[in-house]
Amino acid sequence: MTKPCRIALLGVGTVGGGVADLLARNGEDIESRTGIRFEIACALARNRERAAKRLGGNIAVESDWRRIFSEHEFDIAVELIGGETDACESMLAAFARNKPVVTANKALLATRGGEILASAAKGAAGIYFEAAVAGCIPAIRLLKGALAGDRIRHIRGIINGTCNYMLTRMRTDGMSSSDALAEAQQLGYAEADPTLDVDGLDAAHKAVIMAWLAFGTPLTMNNIAVTGVRTIAAKEIEYAAEFGFCLKLLANVELIEEAVSIWVSPALVADNHTLAQVEGSMNAVQAKADAAGELSLIGAGAGAGPTASAVVSDLVECATDLACNRVPVMPPENSRKVLAAEMFNCQSYLRVPAMDKPGVMARATGVLADLDISIEAVRQPESDSGAKTDVVFLLHETSWQNLHKACKMLAGLDDVTDWPVLLPIAVPHTEKK
Ligand code: HSE
């Protein structure tokens with residue numbers, strides 16, 4: 001009988017439970033396909049009884065990660081605790097004992113990745129993190145492996161399932177954003193702290209990891225421009241639709257000369273484009289490289305099953321590496337600059353809430369003209385004279401910084417009632433599908 005590969009399962013929540021289920025269901029198939037028999041040797045959970053029941057069998061469950069290391073023997077640590085302190089300390093403890101780690105912890109990699117990679121290298125232990133980005137989509141293997149011989153120029157994607165689910169339900173069912181979020185939480189898509197999803201930080205963490213793999217930029221959140229979906233109102237979705245766009249929370253990572261621009265924002269996508277068809281909790285990752293050209297991967301980006309599938313694929317890779325004493329090489333962080341937030345150029349959508357009074361449109365377009373911002377299209381819904389209305393512009397390309405200046409000036413105009421809403425147009429109608 002094959003010697004088992006013993007796993008310490010740190011975390012038996014949505015994803016940890018999904019990993020246990022997948023191994024129980026597919027263990028025999030995995031063994032016959034790969035020659036590897038996985039066995040959960042021990043687990044970590046706050047509620048030991050509940051976890052023991054969930055895992056079944058005689059798996060020892062601890063509530064302190066230190067006991068995992070002091071009391072149990074295992075080959076691979078699977079870090080699915082989430083959060084920062086315990087997750088990081090347990091990973092460092094594993095590396096110090098020369099044990100490889102499989103993790104889905106994008107927040108930790110994006111903020112303390114340098115320290116974690118150094119510790120893995122010192123312990124000559126591997127780190128595997130396919131599940132950290134875009135659920136079951138093999139985004140890490142794409143950037144690290146499939147495009148290893150190419151020069152990547154641009155990566156963009158829908159990489160937060162919760163926000164995509166919320167925007168989809170708001171558009172197709174007229175649901176409020178809070179109800180849509182509650183549903184996404186129930187379905188197991190959201191982070192333990194859902195503000196990470198809603199405020200765009202979860203997508204930004206994933207974007208930072210992809211930028212590091214593609215361009216070697218440092219694993220830090222410095223200079224990343226992040227806006228989430230919190231301020232997206234139903235009317236933004238409606239106006240965007242009237243112009244032939246849908247709204248998606250997009251992450252954009254782009255090589256601009258020798259620097260890299262990284263931003264996350266709700267953005268307009270031409271509604272006949274592939275990205276516009278990615279609905280619900282589905283994710284998409286698109287990469288553009290010199291030799292390969294453009295390619296797109298689409299798949300479930302959140303939830304127990306898809307994320308567990310990515311974790312188990314990492315387990316197979318990790319166990320295969322262990323069997324031949326191989327430690328995967330990690331791309332070094334280099335000194336390539338991340339452009340200061342807001343230094344990117346784009347076409348944009350601008351909604352100016354204003355009173356329907358003589359001269360409002362002229363004053364608003366005057367501000368844009370003064371800043372050399374050119375208008376592509378404009379729309380004002382019918383309203384009663386003197387009532388509140390919106391003036392909605394589509395603007396030709398200019399710098400995001402210039403657009404922020406425009407918002408500030410517009411907000412100060414007579415009869416402009418609120419701060420304008422500014423969104424990038426990530427996929428214009430002129431871009432091919
Ligand atoms: N909360 C994340 C999402 C889970 O909604 O995409 C997957 O990383």
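A: The account below begins with helix H13 and then turns to other helix pairs and to individual residues.

The model is predicted: local features need pLDDT of at least 70, side-chain atom pairs count only at pLDDT 80 or more, and totals for chains, interfaces and linings use all residues. Residues are numbered from 1 along each chain as its sequence is written, and side-chain values use heavy atoms, with hydrogens and water left out.

Helix H13 spans residues 360–370, and Val360, Ala364, Val367 and Leu368 in this helix are buried. Buried means under 20% relative accessible area, exposed over 50%, and partly exposed in between, with a 1.4 Å probe and protein chains only. Helices (H or I, at least four residues) and strands (E, at least two) are DSSP runs, numbered from the N terminus. Viewed down the axis of H13, the buried residues lie within an arc of 95°, so they line one face of the helix; the arc is that of the directions from the helix axis to the C-beta atoms. Ala362, Ala369 and Asp370 are exposed on the other side of H13.

The buried residues of H13 pack against strand S13 (345–355), strand S14 (375–379), strand S15 (388–399) and helix H14 (400–411). Contact here means heavy atoms within 4.5 Å. Just after H13, Asp372 adopts a positive phi of about 65°.

On the H13 side the contact is made by Ala364, Val367 and Leu368, and on the H14 side by Ala406, Met409 and Leu410. By class, these residues divide into 6 nonpolar, no polar and no charged. H13 passes H14 in a right-handed crossing. Axes are lines fitted to C-alpha atoms, for helices over the stretch in contact, and angles run from 0 to 180 degrees between N-to-C directions. Angles under 35 degrees count as roughly parallel, over 145 as roughly antiparallel, 65 to 115 as roughly perpendicular and the rest as oblique. A crossing is left-handed if the near helix is turned anticlockwise from the far one by less than a right angle, and right-handed if clockwise. Ala, Val, Leu, Ile, Met, Phe, Trp, Tyr, Cys and Pro count as nonpolar, Asp, Glu, Lys and Arg as charged, and the others, Gly among them, as polar.

H6 passes H10 in a left-handed crossing. In this contact, Ala139, Ile140, Leu143 and Lys144 of H6 meet Ile209, Met210 and Leu213 of H10, giving 6 nonpolar, no polar and 1 charged residues.

Helix H7 (residues 161–173) packs with helix H8 (residues 177–186) at an angle of about 135°, the axes being 9 Å apart. H7 and H8 are therefore oblique to each other, and H7 passes H8 in a right-handed crossing. Thr162, Tyr165, Met166, Arg169 and Met170 in H7 meet Ser177, Ala180, Leu181, Glu183 and Ala184 in H8. This contact has 6 nonpolar, 2 polar and 2 charged residues.

Ile237 lies in helix H11 (residues 234–242) and is buried, with a relative accessible area of 8%. Not counting residues up to four places away in sequence, Ile237 touches Leu167, Met170, Arg171, Ile232 and Leu247. The C-alpha atoms of Ile237 and Thr168 are separated by 9.9 Å, although these residues are 69 apart along the chain.

Most residues other than glycine have a negative phi. Ala124, in the loop between helix H5 (106–122) and strand S6 (127–128), has a positive phi near 50°; at 45% relative accessibility, Ala124 counts as partly exposed. Glu257 has a positive phi of about 50° and is placed in the loop between strand S9 (245–256) and strand S10 (259–270). At 72% relative accessibility, Glu257 counts as exposed.
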